[in-house]
Amino acid sequence: MPKVAKQLTDLQVRSLKDDGVFAAGGVAGLCVRVQSQQKTFFLRYSFNGRRREISIGHYPVISLADARNKASDYRRLITEGVDPLDWKQEQKRKAVEERSAKFLAELTFGNLADRFIEAMSNDWSEKDKDLLIGRLGNHILPKIGSEKLNSLTSDAVAGVLAPHWREHHALATKLRLIMRQVLAWGKAKGYVTIDNPVDSQVLKHLLPKYKKTKDPHHAMLPVRDVPRFMADLHRRPSMSARCLEFAILTAVRAGNARLAEWCEIDFKRKLWIIPRAKMKVAMNGDHEIPLSSQVLELLSSLQTQIRPSKYIFPSPVGLAPLSDMSMRSLIHEMHTESLLRGGRGYFDPNQVTRTGKPAIATPHGIARASFRTWAQDDELGNDRRFSDKIAELCLHHKVGDAYNGAYERNQAMKSRAEMMQAWADYCFSVQ
C-alpha cells in the first residue's frame, strides 16, 4: 500500500511557486506538478507491476477537493482490477461514439448534399456544378432535403421521381443518379449506414409503369405563328430572350447560341463562325452563318453590356453562359401568359406529350424545324424562292456531291445570306 503523504491545503497549493512535483496528500499517489506557473493534478499508481500516471486536471479549474475525489475513484478502479488509463480511454471512445451517433441521427439529406458539393466541386466544370445544384434545389431538396438521412426510405425517393417519371423520364433518371451519387459518397465517408434507398429494383415497384417510346421530334411552331411569337419575345428584356431570339434568327441549336463567344463574330464580313469542335457533326467543318441586319443590331445592343464575359449571352449570375433550361423555361412562361390573355399559346399542333397533352414548342423546334418548314412553305412561295440544298447548308447539314459541284462556294454564301435575311424579315413581319 503506497504511503499517504501529508495533506496540503488549498492555500498551500495556491502558494506553490517553484517548478517541481509535490505530494498533495489525502489519496495515495495524488500529486501536483508545477511547471511555468501552471499547476496540474495527477495520480501516480502501479498496475500489474507497471508504474503509471494519469492526469486529473489543471488547478484551479479542478479544485483540490475535486482532485482528491477523482483520485479516490481511480484508486477504487485499481482495487477492482481496472487500469484507470484504459478506463479513461474507453470513456473517451464511448463519448466520441455517442456524439457521432447523435450527429448521424440528426444529419439530413440536405446536410449531406451540401458536404458532397463542397467535397466534389473541384472535380466538376462550372456547367456540371450549376446543373447539379439546380436539380437538387428545384426537384430533390424541396422533397427530401429535411429527411433524416439514416431514415430515408425508397418511398421518399420515389416521391421525388414520380412527378417526372412519365412525362419527363430523362429528368427523373438524372435525379435518381444525383441521389445515388450523394448517398454513395456519404456511404464511403461513413455518414450513411442504411441500405441504398435508390435501388432501381425497389423503385420500379413504387413508380408508375413507364414504357419507353421512340423519342419524338422537337416540338416546333407552325410557320404562321412564328412572327407572333417573335413579337412577343422581342418585347421581353431578359438575356434568355435575347439568346433565344439570336438562336431563331441564325437557325442554330440552343447549345450553340448559349455558348456563342464574341471572338466568333466577324462584324466586318457579317458572319458568325462556329468552330467545328462545337458542332454536333464536327466532320462537316466550321459553321459559317451569314448575319442578318436584325442579328447585327441585336449584337450591337449587347456590346455595351456592363459585365464583361467572353460569352455573348452570360448567365445573370457570374460570367458563365446561360443554363440549358433558360430558353425552354422562357417559352413555357410565354405560352402560359398567352393562354391567360386569351391567346392561342405556342403549341405544336402535330405533337403531343407522353400524357397526350399538346406539346409546347421548343427552342430547337422553332429555330430549326420551323425555319426548315418556312424554307419550303408553298403559301409563302418559298419552295420556288429558295433551294432545299441552301436551306440544308444553313442548318449545317451535309449535302450531296452533285450540289458541291453545281455551286461555287461564294455563290452558296450569297444565297445563304439572302435566305437568312429573308427569314429574319419574316420573323419580324408582325410588330
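Let's start with the open sheet: 3 strands build it in the order β5-β6-β7, and their pairing is antiparallel. A strand here is a DSSP run of E with at least two residues, numbered from the N terminus, and two strands pair if DSSP finds at least two bridges between them. Which strands stand at the edges? They are β5 (265-266) and β7 (287-290); each has a single partner strand, so one side of each is left without a neighbour in the sheet.

Before going on, keep in mind that this is a predicted model: local features need pLDDT of at least 70, side-chain atom pairs count only at pLDDT 80 or more, and totals for chains, interfaces and linings use all residues. Residues are numbered from 1 along each chain as its sequence is written, and side-chain values use heavy atoms, with hydrogens and water left out.

Back to the sheet. Strand β6 (residues 271-274) runs antiparallel to β7, and 4 bridges join the two. If you look at Ile 274, you'll find His 287 of β7 opposite.

Now go back along the chain to a hairpin. Strand β3 (residues 38-47) pairs with strand β4 (residues 50-59) in the antiparallel sense, over 9 bridges. Ser 46 stands opposite Arg 51 in β4. The hairpin has 2 residues between β3 and β4, and Asn 48 in the turn has a positive phi of about 55°.

Finally, hop over to Asn 350, which sits in strand β8 (residues 347-352). Is Asn 350 buried or exposed? Its relative accessibility is 72%, so Asn 350 counts as exposed (exposed means over 50% relative accessible area, buried under 20%, partly exposed in between, with a 1.4 Å probe and protein chains only). Between the C-alpha atoms of Asn 350 and Arg 33 there are 90 Å, and these residues are 317 residues apart along the chain.
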